[in-house]
There are 2 protein chains.
Amino acid sequence: MESSFIKPNHVSIDTTESTIIGPPSTMSNFVTPLLTDQYQFSMAYAYWKLGTHNKPAEFEMFFRKNPFKGEFTVFAGLSEVLNFVESYKFGNYEISVLQKMFPMWELEFFDYLRSLSGDQLTIQGALEGSVVFPKTPLLQVSGPLALCQLMETTFLNLCGYASLVATNAARMRLRAPDIELLEFGLRRAQGPDGGMSASKYSYLGGFDATSNILAGALFNIPTKGTHAHSFVTSFTSLDDLPEMKLNGIDFKKKVLDIRMGPFAKTNSSELAAFIGYAFACPNGFLALVDTYNTLESGVPNFLLVASVLEELGYKPLGIRLDSGDLAYLSIETRKMFCDKKYSIVASNDIDEGIIMALDDQNHEMNALGIGTNLVTCKKQPALGMVFKLVEISGKPRIKLSEDADKMTIPGKKDWYRLYGTKAPLVDLLADPSDKVLSNERVLCHHPSVAVKRANVIPTKVVQMNVPLFDKGVRHNNDTLEQCKARCKYELYMMREDYMRYLNPTQYKVSVTGTVLETLNALWQREAPIVNLS
Amino acid sequence: MESSFIKPNHVSIDTTESTIIGPPSTMSNFVTPLLTDQYQFSMAYAYWKLGTHNKPAEFEMFFRKNPFKGEFTVFAGLSEVLNFVESYKFGNYEISVLQKMFPMWELEFFDYLRSLSGDQLTIQGALEGSVVFPKTPLLQVSGPLALCQLMETTFLNLCGYASLVATNAARMRLRAPDIELLEFGLRRAQGPDGGMSASKYSYLGGFDATSNILAGALFNIPTKGTHAHSFVTSFTSLDDLPEMKLNGIDFKKKVLDIRMGPFAKTNSSELAAFIGYAFACPNGFLALVDTYNTLESGVPNFLLVASVLEELGYKPLGIRLDSGDLAYLSIETRKMFCDKKYSIVASNDIDEGIIMALDDQNHEMNALGIGTNLVTCKKQPALGMVFKLVEISGKPRIKLSEDADKMTIPGKKDWYRLYGTKAPLVDLLADPSDKVLSNERVLCHHPSVAVKRANVIPTKVVQMNVPLFDKGVRHNNDTLEQCKARCKYELYMMREDYMRYLNPTQYKVSVTGTVLETLNALWQREAPIVNLS
């Protein structure tokens, strides 16, 4: 099988063989206990000085608002979080950095840091690839107060962008269910690791392949690609081509022999480039046709070369459009092709809205390559993920805010998804003492608007917060393919009105009466009554 | 000196000592020859098959439009590019990945890849931290055609985001010349390396410090930080505090002894948190005051604790605001402080526009912590950097486009900055045969609009494209501090109307008559005349 735009190249590398430059780790080398904000260490020191560092604490990671004006989010980044926790340990380098930064801190504190290990934590939460909603506890981290606190920044860093770009990819997939989607964003990402994260989590969210070779190799993602404008402009004339035999035939001569009529008016250096590329990749011939003029030069040149390839027994693939009015050009190109055997790939500034607009224009594209808008998440480049203390020494805690929607929901909770006949109806945050069972009525309350409540008799109840890591034992090792499959399945299960582009219905996340009571009691006690004057 | 928000902690690490977990490299482990798009290898294979892979080629890296609706860009990422070139080599791992991905390619091609080395390249271009403009050749890469082509994606990945975030930081610095600017974005960046790049290049662009400890350690950037809301909510009452002696005095008792009047109505668990933090960091006491209510609880609690600290001989630092109307709260807080000795730090959703709005409202802040809008470059999350072939075998090449502004400027060029009495007047792209000298008149042409041209007699001419790497010899090793200083100086030298926020003047990039002739000749020859029908 030839290098192909259409057939993915699955790669699995044997890492046991000897290497000169070894295979890079699948994790960034920057993921260490120092990849965090300074204030986490200041707080850990204060806890340690006060002797409260080992109080049992419970933190939750969640977000407050779905991205992209949508009503759902795909959770991603979990496997990296668990890798980080498993390897969490302060070595000599980390200690020496911190001692030099904080020479005024007592030496015993650094011994305490050395004693820390991720094994002291217990983590529950959502499985990677799950479809999730605001305020649901994606991660519930239990352990000694200071150690939990030290996780915050790294967890947010590992899950925030991962979930954002997976959601972005999933949204594009929903708008283009029948088109091949290719991630082309490496050059527009936030440096090397931004590019790697983009490739990995776009694939999780529903993309079919990436152009990023390293991501293909390390994460076993299919890779795709053709050639660039610079390949075309590197040819100055047909004389640039050497003699070339394909199946014993003089390939260039054969092409030029049939170049007549409108085919004789095309750009000759472009034709030279196409002949050269087809000679090197006769079964992978996908030509970028917009260097000079798509319909007057690029497509005719492709057809000329493709017809000779076919005569010689090869299967040319199609063309790529990278500028201009993509829907119009794809329709005109399809007319020139006369049939469906060639693929039309397009790749210029595509986003979710443009995919839908192209659809309205009855485009003729088979695949879309998406870069900038996918990897930068231009429409909303950050997901406001937060990590909040909800319980300490068994006592629930709240973070107040003048905006009621920004208050945290206190206490350790269980998280259930209540299903109707097929689709999820509502998510419910419950006290561990609450019983939430299928076919039994449960009263679901809005967490901050008292008049909003509903009785639900679910046909099925799924507990969403599952054990992930328990004091050194990792309970989850889902592969990227498993997470991708979960994402696809959960998106399929959701009612369409939650998923649509314009004015989607809000999926409700509710609390039980027990949780609401705790919330109200804490709020009453902690919130000062403001004096208006 | 105590851990401080105000005084930076400069850290320099002795990496010679033994380590358990060694110091991470300052480069991402993902920066290898595989961190590129598949099509680069397809093209390299085609060049190799056609025997054109060793043709001498010249590529240029440039962008077409300044970001953020501005009229300047700060160039960054060069040191990483040079590190990549110096280490460019295919090892067994890289070859095994590619052989498995492309089993249909001839084996001799992989031997050819093994023979490649960055030493075969010559690179000229701008110095890191330079203020640059559209179409100026930030990197000029000369070498064998296929090898140059293989650099494209990695160079764009390393320089695109770096330049974008450095420019974003520089713009914020221009709007807030007298305020301390702190980068707080690690949790909102594109994964670990996105966060590291953000910290490094924000500092280059003019920020004073970062919250990111690892960036502080690896790049020698000052670090800052205080405490989070979760520290405050971890306290449930004043009883949570242990007995604590500061300079032999019962610190908690002393604070509570003077708690009366309005100070008695504040939130007690917040007060407990402040007492605890002040005890641990008596010279680093900077309190986050908005957990419950900024003016009714947070600021009074800070003042209570601060007054006792001062009595005991310490220097409390100030407060941090993280929600609400920042200008109003800073003004009211300053009134309550009665003087200037305490700092007011603010950190909620700040961007360039908000900095200017705060200024209009006569805010009282001393420092701003900026995260999301800085590191995601929300206003424009990608810089459209490109890498184009401009010459092959000594012949200039052009990439046409229906948009005249998108055409490339063909041929190997020199790049000069022409100065007036103080400030730069215009940049000029010249043929290597052109002579551009100070105090001599030169005619500068707009590259695509023939009627736009001007005579310039510069008082000073600076060649902007300088030797960076010459066949294995690296000519540039500027430190981050040197690049930061260059950026600051070049921004200072620019006329203010190019730098302003609203409707800045466009800085002109022009070409000499020689360059224009080449451009016009190629365009005439290559561009097909479209048939309208």
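Helices (H or I, at least four residues) and strands (E, at least two) are DSSP runs, numbered from the N terminus. The model shown is predicted: local features need pLDDT of at least 70, side-chain atom pairs count only at pLDDT 80 or more, and totals for chains, interfaces and linings use all residues. Residues are numbered from 1 along each chain as its sequence is written, while chains are lettered from A and ligands numbered from 1 in the order in which they are written.

View 1. B:Asn531 lies in the segment after helix H17 (513-526) of chain B. The residue is exposed, because 10 other C-beta atoms are found within 10 Å (a residue is buried if 20 or more other C-beta atoms lie within 10 Å of its own, exposed if 12 or fewer, and partly exposed in between, with C-beta atoms placed from the backbone). A separation of 36 Å divides the C-alpha atoms of B:Asn531 and B:Lys69, which are 462 residues apart along the chain.

**View 2. Relation of the two chains and their interface.** Chain B is superposed on chain A by a rotation of 180° with 0.0 Å of shift along its axis, at an RMSD of 0.0 Å (least squares on the C-alpha atoms of residues with pLDDT of at least 70 in both copies). The two copies are thus related as by a two-fold rotation axis. In the interface, 118 residues of chain B are in contact with 118 residues of chain A, contact being defined by C-beta atoms, placed from the backbone, that lie within 7 Å. On the side of chain B that touches chain A, helix H1 (residues 38-50) of chain B gives the most, with 9 residues. That side of chain B has 51 nonpolar, 47 polar and 20 charged residues (Ala, Val, Leu, Ile, Met, Phe, Trp, Tyr, Cys and Pro count as nonpolar, Asp, Glu, Lys and Arg as charged, and the others, Gly among them, as polar). The copies meet through the same surface, because 100% of the interface residues of chain B are also interface residues in chain A.

**View 3. Helix H1 of chain B.** In H1(B), 12 of the 13 residues are buried, among them B:Phe41, B:Met43, B:Tyr45 and B:Trp48. The buried residues of H1(B) pack against helices of both chains: H7 (213-219), H8 (229-233) and H10 (268-280) of chain A, and H3 (92-101), H4 (107-115) and H5 (145-175) of chain B. The end C-alpha atoms of H1(B) are 19 Å apart, which agrees with the 18 Å that its 13 residues should span at 1.5 Å a residue (the expected span is 1.5 Å times one less than the number of residues). After H1(B) comes B:Gly51, with a positive phi near 75°.

**View 4. The seven-stranded sheet of chain B.** An open antiparallel sheet of 7 strands has the order E15-E14-E1-E5-E3-E21-E22 in chain B, where two strands pair if DSSP finds at least two bridges between them. Strands E15 (395-396) and E22 (473-474) of chain B stand at the edges with a single partner strand each, so one side of each is left without a neighbour in the sheet. Strand E3 (residues 122-125) of chain B pairs over 4 bridges, in the antiparallel sense, with strand E21 (residues 466-470) of chain B; here B:Gln124 stands opposite B:Pro467, and B:Gly125 opposite B:Val466. E3(B) is also joined to E5(B) by 4 bridges and runs antiparallel to E5(B), with B:Thr122 opposite B:Ser142.

Key: Two residues are in contact if their C-beta atoms, placed from the backbone, lie within 7 Å.
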